[in-house]
Amino acid sequence: MTTAPHKQEQVTLDTFLRGIWEENPVFVMLLGMCPVLAVTNSTLNAIAMGLATLFVLVASGTLVSLLRKMIPREVRIATYIIIIATFVTMVDYAIQAISLDLYNSLGAFIQLIVVNCVILGRAEAYASRQRVGAAVVNALGMGVGFTIALLCLGTVRELLGAGSILGYPVFSPDFQPWVVMILPPGGFFVLGSWLLLFEWLKQRRERRTLQSEGATAHGS
Amino acid sequence: MNESVQLRSQTSSLAMLRTLGGIAMISGFLVVLVFQWTRPIIAENKRIAIEKAVFQVVPNAVSRKDFVLGPEGISPFGRKAKGETVYAAYNSKGELQGIALEAAAPGYQDVIRILYGYSPKCECVTGIKVLKMTETPGLGDKIAYDPDFLRNFYGLDGTLNEAREGLAHAIVAVKHGSKTEPWQIDAISGATISSKAIGRMIDASGARMFPLIQRHLAGFRQEVVSAERPDES
């Protein structure tokens with residue numbers, strides 16, 4: 001099977017926004033759950049992980065898109081993995097240079113960005129089929145969407161589990177931290193709650209659309 | 001379908017090799033470039049982190065020098081020698097204040113690594129600093145910041161036995177509130193496993209290293225004198 005010429009997407013605002021809302025990698029596609037649950041025990045970790053993933057997404061998307069006509073199908077996955085691993089290694093060194101404390105608190109999860117399925121998924125499903133411009137914009141949207149999702153989890157978990165945001169205490173000293181929230185189970189609780197909220201919003205919107213359609217039908 | 005099968009087989013091995021080889025070369029170039037660029041910064045970060053920890057566990061220290069200490073003797077860090085890296089810390093007059101050593105033992109979840117200070121003069125531990133751990137937040141991780149627990153290590157007894165080959169009393173963590181001897185560590189209630197790990201690692205490291213430090217004490221002092229002379233001239 002040859003790669004059929006794919007429809008080249010025009011770069012619109014939707015190319016960017018899709019990754020943030022409609023196809024959010026965490027809340028809609030439920031991809032990359034390993035770092036989502038593991039490193040969101042504080043806001044700072046969530047931001048660092050989000051930005052690192054954003055960089056790898058954009059950089060690998062750009063390179064895959066640039067080289068898309070030169071990569072034979074048979075070796076495409078191997079090629080994407082080498083490209084992704086290269087950028088992850090660069091991020092790994094960069095974070096060590098920026099702050100060793102941050103590097104230690106993120107642990108092995110920086111290296112594990114290599115196997116984050118959001119990135120390989122974008123390379124395979126989008127960047128390898130689209131022009132560089134569209135690939136970059138789409139990767140940016142996905143990266144921002146991923147970062148926002150990590151922030152949603154990280155801030156709530158740090159707030160409830162440690163009573164602070166970015167290390168600054170928010171509540172009075174009498175506040176008893178809800179330690180379970182910064183432990184692994186807290187990740188599942190908070191992720192579940194966010195998914196519940198988004199699903200409820202989605203259903204409410206659908207119901208309203210149906211109602212308004214019904215009203216128009218009656219009215220006509 | 002036939003056509004597509006044919007087309008697929010047309011990708012020559014050479015094209016695949018060329019792509020993979022080319023990508024690997026670009027990858028190698030980028031990784032080495034970033035590695036070379038960040039190496040001095042990372043080394044400096046690590047040096048600052050160790051220095052900060054050493055000065056924290058050895059009171060009044062303002063400068064440090066690294067040594068390798070093993071059964072065969074003492075040698076300045078960097079030369080080929082068998083043994084553990086230890087950090088000698090000196091005060092502003094260049095007098096030896098203490099020696100910082102690394103120790104590790106399995107904690108509740110994973111290995112806990114600490115740096116602790118040893119004063120050869122009082123034959124005691126002068127402080128600890130947790131370098132790496134994954135203990136439970138709010139419980140086990142108190143070993144890093146609980147002031148009552150850390151107070152155990154300001155002058156924890158590490159006297160050598162008569163043969164000068166081991167500790168006179170094993171350093172051990174005891175149940176919260178039952179500390180009676182200066183070589184005991186009062187464990188944190190609710191974090192007994194983590195506290196005991198700290199006791200175990202200092203005991204094992206101390207039994208091995210304190211006799212060596214005492215035997216080669218002159219080595220630490222001489223080194224600083226010879227190292228300081230060129231500065232004075």
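This dialogue covers two residues and one chain interface in a predicted model.

Biologist: What should I know about the model before reading it?
Modeller: It is predicted, so local features need pLDDT of at least 70 and side-chain atom pairs count only at pLDDT 80 or more, while totals for chains, interfaces and linings use all residues. Residues are numbered from 1 along each chain as its sequence is written, chains are lettered from A in the order in which they are written, and side-chain values use heavy atoms, leaving out hydrogens and water.

Biologist: Is A:Arg76 buried or exposed?
Modeller: Buried means under 20% relative accessible area, exposed over 50%, partly exposed in between (1.4 Å probe, protein chains only). A:Arg76 has 19% relative accessibility, so it counts as buried. Contact means heavy atoms within 4.5 Å; beyond four places away in sequence, A:Arg76 touches A:Ile71 and A:Glu124.

Biologist: And is B:Val62 buried or exposed?
Modeller: B:Val62 is exposed, at a relative accessible area of 51%. Not counting residues up to four places away in sequence, B:Val62 touches B:Phe55, B:Tyr90, B:Asn91 and B:Ser92.

Biologist: How much area do chain A and chain B bury between them?
Modeller: Buried area is the accessible area (1.4 Å probe) that two parts lose on being put together, summed over both. Here chain A and chain B bury about 2,100 Å², 78% of it on carbon and sulfur atoms.
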